[in-house]
Amino acid sequence: MRVDLPGPLGTVETPRGGCVNEARAALYGDAETWYTARRTVESVLPLYAQDLKRDRRFTHALGRWADCMRSAGRPYASPDDLRRKRAAAVEGMPDAEADAFDRKLAVTEATCSGESSLGTVVRKLEREYRAETLKPYGDQWDTYRKMRLHALRQARQDPLS
């Protein structure tokens, strides 16, 4: 199976046969159609990610998030910055101490995400930018959504068989 991805992303391929594709066919209805739709839809993020990150609504929410984190004694510029620095912070810590650190950090991050509306803003922008980017791929987007719903119905009707 071969899919030409949107924009300058190139082409991806996968074998047609095998048990994985049999399972995909059983779950989604048609393995090749699913593969084409999924790879097309899921590959558009790089086409708009930089525009989303420059969007003033995002930068404003991110600034509020960073201010909240700084006020809580966690001076991270972004969630990505937090994840990078978190790894270094827990390196060498005993497991129990690292777990306690992670729990406190998670609570602080969740609190700041809520107070800054960062998560809500990102989800809204993601839908907006993805919809615009996917306009030329409307058929694949419709197919992707329909096949995901089909798979959900299949999984509910026949779990583990």
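Helices (H or I, at least four residues) and strands (E, at least two) are DSSP runs, numbered from the N terminus. This is a predicted model, in which local features need pLDDT of at least 70, side-chain atom pairs count only at pLDDT 80 or more, and totals for chains, interfaces and linings use all residues. Residues are numbered from 1 along each chain as its sequence is written, and side-chain values use heavy atoms, with hydrogens and water left out.

Reader: In what order do the elements of the protein run from the N terminus on?
Author: The protein has 8 helices and 2 strands. From the N terminus on, the order is β-β-α-α-α-α-α-α-α-α.

Reader: Which residues does the disulfide join?
Author: A disulfide here is a pair of cysteine sulfur atoms within 2.5 Å. Searching the whole structure gives 1 disulfide. With an S to S distance of 2.1 Å, it joins Cys 68 to Cys 112.

Reader: How many residues apart in sequence are the parts that this pair ties together?
Author: The link of Cys 68 and Cys 112 is left-handed, with -75° about the S-S bond. Cys 68 lies in helix α4 (residues 56-71) and Cys 112 in helix α6 (residues 95-116), so the parts tied together are apart in sequence by 44 residues.

Reader: Is Cys 19 buried or exposed?
Author: Buried means under 20% relative accessible area, exposed over 50%, and partly exposed in between (1.4 Å probe, protein chains only). Cys 68 counts as buried at 17%, and Cys 112 counts as buried at 2%. Cys 19 has a relative accessible area of 60%, so Cys 19 is exposed.
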